[in-house]
Amino acid sequence: MAAVWNRRKSGYTECSNYQYYSPIVSESDLTIAQADLSRFLAIVTGNSDYHEKLPKKTRSFFVSLTYPNLEEAMDDINAVTIDLLVDTTDSNGVATVAFVSEQLAGLKGKTQLPIVFTIMTKSQGGRFPDGDQGRALELYIAAPTMGLESIDLEITWPVALLERVTSSKGYSKIIASHNDVGGDLPYTLKYGDVIKLIGQAKSIQDNYDLQNFRKCAVTYETRMAVLNIGEKGKISRILNSFLTPVTRPGLPFKAAQGQLSIAEILQALSLIGMLEAKMFYIFRTPIPHSRSPARHNTLFPFPWLAIYQPPVESTDVSATQEILNSDDFGGASVTIPHKVSMIPLLSSISAQAQVIGAVNTVIPVIAEDGTRKLVGDNFDWCGIQNSPRIAGVTEQENPSAATALIIATGGTSLALVYALHKIGYGKIDVVNSTPENLKSLRSDRPAIYGEQLSQFPTAKSVDVKPITAVSTVPADKPVDDALKGILQKLLTRGASAKVLAEMAYKPRVSEVMNSAEGAGWKVVPVLEALAGQGVVQFEVCTISFLGLFVLGWGRG
């Protein structure tokens with residue numbers, strides 16, 4: 001196979017407009033490859049919304065990895081610059097297009113962060129040979145064919161190269177970079193969708209002068225990243241809010257002198273009063289069963305910005321009203337029994353929360369007219385969907401023929417149906433000891449999905465053997481005898497792999513899990529669902545209040 005590819009490679013390359021390199025993933029991570037291909041197609045067809053989202057964020061960063069080979073960084077995902085890559089197949093170690101493509105494939109197997117493609121020459125503080133215009137052009141031209149979001153282009157290159165790159169950019173955006181803020185600004189604007197101007201701070205006053213320039217620059221339609229390098233230029237990095245280059249602990253070295261991490265910048269902004277701490281809450285009863293406090297305190301790395309208050313325990317949702325309306329309210333995780341009763345207190349809820357009929361997250365947002373709104377959302381389905389995917393379940397190609405099983409129905413039933421619908425199951429069988437719950441589920445679920453919901457009332461009625469199941473049976477109580485009989489018929493061995501996702505977490509191993517595992521099913525504990533839901537909720541409920549947007553692959 002390799003010999004055939006090598007023989008035909010030049011012909012394929014010559015006749016193709018784009019080149020997609022599938023990320024390097026294991027069999028259990030095929031969803032990463034699917035997501036990456038979708039992202040690639042969205043970028044090369046102009047349907048990616050990344051460039052519209054970026055300017056709306058309060059702050060955005062790109063992280064500069066400084067590894068010579070990304071294989072060293074596969075467990076430490078962030079970004080890299082082309083001039084720092086060392087290609088051992090080249091006599092001078094300069095990265096080739098083939099080498100960069102392989103490096104990108106490995107990186108994209110671990111992260112879905114947008115990518116900034118950067119080449120920095122020696123005269124601009126990097127390591128790429130200034131005179132190697134041919135190699136630089138080859139790399140720049142290859143970048144948009146790889147489906148990369150942004151290309152950082154030094155305007156010190158010859159005009160012919162600049163014009164060739166900008167005319168070949170496709171739907172990628174050009175970041176026109178210049179290392180002298182006293183240079184020809186209109187010349188920079190000619191080539192850039194975004195401008196990055198970097199100066200050298202010789203005194204603290206240089207940063208204040210730069211801040212005045214930054215205020216004047218807002219009159220341009222083109223967004224600008226303006227900062228000073230050097231130890232005395234750190235203040236400019238703190239004050240810059242758009243595409244700030246950052247480092248992080250554990251890298252071989254900083255990509256530029258004076259570079260700071262995101263945590264350092266946010267802490268500095270907090271200390272000088274430009275970023276106020278927000279309070280985050282958990283609303284539920286009873287509190288001891290919630291794992292949200294430990295999860296959020298572990299995930300959020302800036303405790304001086306997001307302060308998690310003791311959980312609020314009350315059977316009356318109106319007890320949360322004062323907290324929701326306070327100026328320092330940053331967000332809340334909402335669990336039983338308030339997921340439905342919380343909705344009337346909110347300004348709006350997301351489309352998915354409307355479908356599910358409940359919320360598990362509340363965040364304050366500032367509308368375009370400047371008014372403060374409380375928005376509810378539901379990410380329970382993200383965790384539910386995460387569990388079977390971890391076990392290898394992929395999107396069903398033929399939804400009308402795909403069947404999943406829900407064992408017992410309860411408070412998360414609509415989220416279960418929503419999650420299974422997202423994976424592609426058009427027929428959902430339900431095993432439940434209470435027929436009234438199934439009747440309620442049928443009446444509550446939106447008709448637009450058209451899933452067929454059917455129930456197995458007795459073991460004799462079982463005529464299909466599912467390969468994907470989700471259990472919500474309470475783990476702290478014995479399984480009903482009638483339900484147990486049905487499960488014995490359903491949870492049987494088969495030729496194909498079968499997956500059970502458990503949604504009960506006390507105790508950690510349930511009776512249903514033991515039954516499924518004994519019958520050869522692959523069992524996914526509830527912790528995976530909690531993690532999947534928690535990560536998404538964390539991003540929305542904490543990082544979003546900072547207005548952050550983090551990119552990959554950059555230098556500065």
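1. Val362 stands opposite Gly376 in E13. For the terms, strands (E, at least two residues) and helices (H or I, at least four) are DSSP runs numbered from the N terminus, and two strands count as paired if DSSP finds at least two bridges between them.

2. Before going on, some housekeeping. This is a predicted model, in which local features need pLDDT of at least 70 and side-chain atom pairs count only at pLDDT 80 or more, while totals for chains, interfaces and linings use all residues. Residues are numbered from 1 along each chain as its sequence is written, and side-chain values use heavy atoms, with hydrogens and water left out.

3. Back to the sheet. E12 and E13 belong to an open sheet of six strands with mixed pairing, in the order E9-E8-E10-E12-E13-E11. Strand E9 (306-308) and strand E11 (348-349) are at the edges with a single partner strand each, so one side of each has no neighbour in the sheet.

4. Have a look at helix H4 (residues 97-108). Its twelve residues reach 16 Å from first C-alpha to last, close to the 16 Å expected at 1.5 Å a residue; the expected span is 1.5 Å times one less than the number of residues. Ten of the twelve are buried, so H4 is largely enclosed by the rest of the structure. Here buried means under 20% relative accessible area, exposed means over 50%, and partly exposed is in between (1.4 Å probe, protein chains only). The buried set includes Phe99, Gln103 and Lys108.

5. On to charges. Side chains of opposite charge can pair when their charged atoms come close. How many salt bridges does the structure hold? There are seven, counting a side-chain nitrogen of Lys or Arg within 4 Å of a carboxyl oxygen of Asp or Glu. One of them joins Arg39 and Glu149 (3.0 Å, N to O). That pair links distant parts of the chain, 110 residues apart: Arg39 is in helix H2 (residues 30-44), and Glu149 is in the loop between helix H5 (133-145) and strand E3 (150-154). Both Arg39 and Glu149 are buried.

6. Another salt bridge brings Asp152 and Lys196 together at 2.7 Å, N to O. Asp152 sits in strand E3 and Lys196 in strand E5 (residues 194-200), so the contact ties together parts 44 residues apart in sequence. Asp152 is buried at a relative accessible area of 3%, and Lys196 is buried at 4%.

7. Asp193 forms a salt bridge too, with Lys169, their closest N and O atoms being 2.8 Å apart. Asp193 is in the loop between helix H7 (185-191) and E5, and Lys169 in the loop between helix H6 (159-167) and strand E4 (173-178), so parts 24 residues apart in sequence are tied together. Is Asp193 buried or partly exposed? Asp193 is partly exposed, with a relative accessible area of 27%.

8. Now the rings. The structure holds seven aromatic pairs, where rings of Phe, Tyr and Trp (its six-membered ring) pair if their centres lie within 6.5 Å; planes under 30 degrees apart are stacked, over 60 edge-to-face, and the rest tilted. Tyr18 and Phe40 have ring centres 6.5 Å apart and planes at 90°, so this pair is edge-to-face. Tyr18 is in the loop between helix H1 (2-15) and H2, while Phe40 is in helix H2, 22 residues apart. Tyr18 is partly exposed at 37% relative accessible area, whereas Phe40 counts as buried at 7%. Tyr18, Tyr20 and Phe40 form one aromatic cluster.

9. Phe128 is in the loop between strand E2 (116-118) and H5, and Trp157 in the loop between E3 and H6, 29 residues apart. Phe128 is buried at 2% relative accessibility, and Trp157 is buried at 5%.

10. Last, a backbone point. Most residues other than glycine have a negative phi. Leu243, however, has a positive phi, near 50°. Leu243 is in the loop between helix H9 (234-239) and strand E7 (244-246), and is buried at a relative accessible area of 3%.
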